[in-house]
Amino acid sequence: MKILAIETSCDETAVSVIEASGDINSSNFKVLGDALFSQASKHAEYGGVFPTLAKREHQKNLVPLTEKALKESRDLKKSEGVIIYDNVFENVRDEEFKNSILEFLNKFEKPNIGLIVVTKGPGLEPALWTGINFAESISTTWKIPLIGIDHMEGHIMSGLVEDTNEGLVLSKPDFPILALLISGGHTELVSMGDWFKYQLLGRTKDDAVGEAFDKVARLLGLPYPGGPQIDAYAKRSREKEEKHDIVFPRPLAHDDTCDFSFSGLKTAVLYKLEKMGDISEEEKENVAEAFEDAVRDVIVLKTKRALEKTGAKTFVVGGGVSANKEIRNGLENLIKENFPNVSVSFPGKGLTGDNAVMIGIAGYLRSLVQKPEREPLTAKGSQTLS
Ligand code: KG4
Ligand code: ZN
């Protein structure tokens, strides 16, 4: 079955066409078309994602990216103009957006797509609504079933699939699974007893871990998104012969919960920088390393606690911060030394950050066990996995 997947929860507009096959125990996904536009540089001057700008950008980019993905998968054929559409889903109120959707629908024939999947939350509501309204418009016009997917479920799937020569392969994992979700908006430890059965074990009480990376990068005068910047700066510090003595606190490390807190750590970095005054590039690298060490240690400790609590057989990591090498190393060492029977997996290249492929995969799996949406979808900005 061919699936068209749409992701607009934050500052990436992403559309993918994937060919999905198999059943819930063993499935395969081939990416036939993939179009992604990151708005990160546009949000850089705000030091974070600015919701109204994100919405505007999604409105501008959704149609061209959908056209690109469907062209890449060879699913677009010029329309003969027999049917003319003059309206789209009623929630599309922006005239320009509406006209671009109509122009697209009238220009091409209905593609050979069996299912449309869209992110319904969590994320920035204005951004989510844009994707949902677009998906509803093409789904109703083309009469193709639609499924709404939880963004965090997508991140879990992106960590569970294996990138092989035959495409992305998802074999039934050993349950229970422990999922560590670390992104710009979320920091959660979730237990998954079976497919789609979630229990939240712990979450951040304040900033998400990616948000902490972004804020600390800003304090260091580094551009948004700060995670990859800190990653690179810290790496340079680790490679130096001469060691520094900067140490930051490990918040909540020794309470007995699986919760996180990162705002105090960010404040500790701020105080340290105030004390240091004007700092050199080299000192910035040292601060980045000390910050990353603290984050790694907290994440490793909390993951250890969650693995002990759940007796998980599979450990999966998802979200943009899962690209961080030092955090990956810390988690891999934890598993190797303390849980050698737990299988561990990280997202492959291109699947760590936000993307539509992971949404398509989650949508396919859901379509095997549930019916398409009967009512129009609602954006759920702060929903948790259920
Ligand atoms: O999952 P994602 O793409 O979007 C959200 O759903 O939030 O995650 C984005 C976050 C940003 O905060 C970014 O700074 C962080 O992931 N990030 C990283 C790295 N690459 C991206 N953080 C640490 N190290 C990295 N290498
Ligand atoms: Zn994400």
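Predicted model: local features only at pLDDT ≥ 70, side-chain atom pairs only at ≥ 80, totals over all residues.
Biologist: Fine. So is lysine 302 buried or exposed?

Modeller: Lysine 302 has a relative accessible area of 0%, so it is buried. Now look for a charged partner: a salt bridge needs a side-chain nitrogen of Lys or Arg within 4 Å of a carboxyl oxygen of Asp or Glu. Lysine 302 has one with aspartate 255, with the closest N and O atoms 2.6 Å apart. The two sit in distant parts of the chain, 47 residues apart: lysine 302 is in helix α9 (residues 281–310), and aspartate 255 is in the loop between α7 (226–239) and α8 (263–276).

Biologist: And aspartate 255, how does that one score for accessibility?

Modeller: Aspartate 255 is partly exposed, at 23% relative accessible area. There's also a network here: salt bridges with shared partners join Arg238, Arg250, Glu289, Glu292, Asp293, Arg296, Asp297 and Glu326.

Biologist: How many salt bridges does the structure hold?

Modeller: It holds 26. Take lysine 42 and glutamate 57, whose closest N and O atoms are 3.8 Å apart. Lysine 42 belongs to helix α1 (residues 40–43) and glutamate 57 to helix α2 (residues 51–72), so this pair ties together parts 15 residues apart in sequence. Lysine 42 is partly exposed at 33%, whereas glutamate 57 is buried at 7%.

Biologist: What separates lysine 71 and glutamate 67 in helix α2?

Modeller: About one helical turn, because they are four residues apart in that helix. They form a salt bridge too, with 3.5 Å between the closest N and O atoms. Glutamate 67 is buried, at 16%.

Biologist: Now the sheet. In what order do the seven strands of the open sheet come?

Modeller: The order is β5-β4-β1-β2-β3-β7-β6, and the pairing is mixed. β5 (146–150) and β6 (162–164) are at the edges with a single partner strand each, so one side of each has no neighbour in the sheet. From one strand to the next, the twist averages 30 degrees.

Biologist: How do strands β1 and β2 run, and how many bridges join them?

Modeller: β1 (residues 2–7) and β2 (residues 12–23) run antiparallel, joined by six bridges.

Biologist: Which strands does helix α4 lie across?

Modeller: Helix α4 (residues 125–142) lies across β1, β4 (115–121) and β5, at about 155 degrees to β4. Helix α5 (residues 151–160) also packs on the sheet, touching β1, β4, β5, β6 and β7 (167–171), with its direction at about 80 degrees to that of β5.

Biologist: Last one: which residues touch the most other members of the largest nonpolar core?

Modeller: The general idea is that nonpolar side chains tend to be buried together in soluble globular proteins. Here the largest core has 45 residues, and Phe248 and Phe291 touch the most other members. Helix α9 gives the most to this core, with 11 residues. Leaving out residues up to four places away in sequence, phenylalanine 248 touches Leu265, Ala268, Val269, Lys272, Val287, Ala290, Phe291 and Ala294. A second, separate core has 37 residues, including Ile147, Tyr198, Ala356 and Leu365.

Note on methods. Residues numbered from 1 in each chain as written. Chains lettered and ligands numbered in written order. Heavy atoms only, no water. Pairing = 2+ DSSP bridges. Axes fitted to C-alpha atoms, helices over the stretch in contact; angles between N-to-C directions. Contact = heavy atoms within 4.5 Å. Buried < 20%, exposed > 50% of the residue type's maximum accessible area, 1.4 Å probe, protein only. Core = buried A, V, L, I, M, F, W, Y, C linked by side-chain atoms within 4.5 Å.
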